[in-house]
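Subject: Handover of a structure, with notes

Dear colleague,

Please find the structure below, followed by an account of what was found in it. I would be grateful if you read the notes with the structure open beside them.

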Amino acid sequence: EFRRVLFRSNHILSSIMVKLSVTLGGLSPFKLRLPSLIAGFFLTLGVFWLLKRVESWPLRWAAFALVCLHPLLLDFSIAARGYSLSLAFFVWGLYFSMERRYLVAGVLQGLAIASNLAILFPVLALIVAVAMLERRIKPVLNLALPALLLAVLIAGPSLRRAHKDDFYT
């Protein structure tokens, strides 16, 4: 049954991590949500590190509270889906992009895409932003190639079997 759900899901990496969590710890609602819960923690930590660049501490903490206490983010952080996992990888990829560590950022963005395919468009926007800011091909390739290659390697086998009815719209 899980195999059928895994191949009909667009939360592929998240489904794999849920399978691993359930296999190691047994089936329970907590074990189903454990990967998302851990990802929610790292998402919060990633937002904190992104906001360390903001010099005004009241503005930094207000932004942190507004982002981390957003009702949709809190709701998605406990759902047994790939939303929080994808956002956590994306936020950390964004952080490493700001640090100009594009290879690490590319790997994280690839994991974000494999966690939830809906994050593909923000990842593509990040790649375009890096291209416009850097104006050199090497940083763009260091970001784009690992991201797309890793996403295809992880999500490709499931997507090959997918039909249009397997997606939301």
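Which residues of α2 are buried? They are I12, L13, S14, S15, V18, S21 and V22, where buried means under 20% relative accessible area, exposed means over 50%, and partly exposed lies in between (1.4 Å probe, protein chains only). Helices here are DSSP runs (H or I, at least four residues), numbered from the N terminus.

Residues are numbered from 1 along each chain as its sequence is written, and side-chain values use heavy atoms, with hydrogens and water left out.

Confidence

The pLDDT is the predictor's confidence in each residue, from 0 to 100. Its average over the chain is 87, and 91% of the residues score at least 70. Residues 1-8, however, have a pLDDT below 50; in the model this stretch has eleven contacts beyond near neighbours in sequence, a contact being heavy atoms within 4.5 Å. Where pLDDT is low, the predicted coordinates should not be read in detail.

Two helices and their spans

The expected span of a helix is 1.5 Å times one less than its number of residues. Helix α2 (residues 12-25) has 14 residues, and from its first C-alpha to its last it reaches 20 Å, close to the expected 20 Å. Helix α9 (residues 137-160) has 24 residues, yet its end C-alpha atoms are only 30 Å apart, short of the 34 Å that a straight helix would reach. Where does α9 bend? The bend, of about 45°, is at I154, and a proline, P157, follows within four residues. The bend at a residue is the angle between axes fitted to the seven residues ending there and the seven starting there. The buried residues of α9 include P139, L143, A147 and A155.

Aromatic pairs

Rings of Phe, Tyr and Trp (its six-membered ring) pair if their centres lie within 6.5 Å; planes under 30 degrees apart count as stacked, over 60 as edge-to-face and the rest as tilted. By this rule there are eight aromatic pairs. In one of them, the ring centres of F48 and W61 are 5.8 Å apart and the planes are at 50°, so the pair is tilted. Because F48 lies in helix α3 (residues 29-51) and W61 in helix α4 (residues 57-68), this pair ties together parts that are 13 residues apart in sequence. F48 is partly exposed at 25% relative accessible area, and W61 is partly exposed at 42%.

W92 and F96 also form a tilted pair, with 6.2 Å from centre to centre and 35° between the planes. These two residues are four apart in helix α6 (residues 83-98), so about one helical turn separates them. W92 is buried at 17%, and F96 is buried at 15%. Ring pairs link W92 and F96 with W49 and Y95 in a cluster.

Q109 is in helix α7 (residues 102-115) and is buried at 0% relative accessibility. Leaving aside neighbours within four places in sequence, Q109 is in contact with F89, F90, G93, L94, V123, L126, L143 and A147. S86 lies in helix α6 and is buried at 1%. Residues up to four places away in sequence not counted, S86 touches A112, S115, N116 and I119.

Loops and backbone angles

Most residues other than glycine have a negative phi. Which value does phi take at R100? It is positive, at about 60°, although R100 is not a glycine. R100 is in the loop between α6 and α7 and is exposed, at 57%. R135 likewise has a positive phi, near 60°; R135 lies in the loop between α8 (120-134) and α9 and is exposed, at 73%. Just after α2, G26 has a positive phi of about 90°.

Yours sincerely

Key
This is a predicted model: local features need pLDDT of at least 70, side-chain atom pairs count only at pLDDT 80 or more; totals for chains, interfaces and linings use all residues.
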